[in-house]
Amino acid sequence: MFVCICHAVSDKTIKQLVNQQGVTSIRELRRLTPLGSQCGKCVRQAKEVIHNQVQVITLQQAS
């Protein structure tokens with residue numbers, strides 16, 4: 001699913017960046033992608049994807 005339609009950034013891309021690059025914030029994500037630089041409607045959804053993926057990683061590390 002595309003999170004940022006303007007720049008074709010998908011939830012899969014965001015999850016990969018969280019997993020591989022350690023992204024934990026929109027600021028870090030925007031350093032690696034153009035997400036949110038045009039209309040900005042995607043920022044809220046991107047924050048949610050980041051938060052959920054960080055939780056998944058935390059739970060995996062705890063078990």
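Predicted model: local features only at pLDDT ≥ 70, side-chain atom pairs only at ≥ 80, totals over all residues.

Analyst: Residues are numbered from 1 along each chain as its sequence is written, and side-chain values use heavy atoms, leaving out hydrogens and water.

User: Which residues of helix α1 are buried?

Analyst: An α-helix has 3.6 residues a turn, so residues three or four places apart point the same way. In α1 (residues 11-21), D11, I14, L17 and V18 are buried (under 20% relative accessible area; exposed is over 50%; helices are DSSP runs of H or I, at least four residues, and strands of E, at least two, numbered from the N terminus). Their arc, taken from the directions from the helix axis to the C-beta atoms, is only 125°, so they lie on the same side of α1. K12 and Q20, on the other side, are exposed.

User: How do α1 and α3 pack?

Analyst: Two packed helices are described by the angle between their axes and the distance between the axes. Here the angle is about 45° and the axes are 9 Å apart (lines fitted to C-alpha atoms over the stretch in contact, angles from 0 to 180 degrees between N-to-C directions). D11, I14, K15, V18 and N19 of α1 meet A46, V49, I50, Q53, V54 and I57 of α3, contact being heavy atoms within 4.5 Å.

Notes
Buried < 20%, exposed > 50% of the residue type's maximum accessible area, 1.4 Å probe, protein only.
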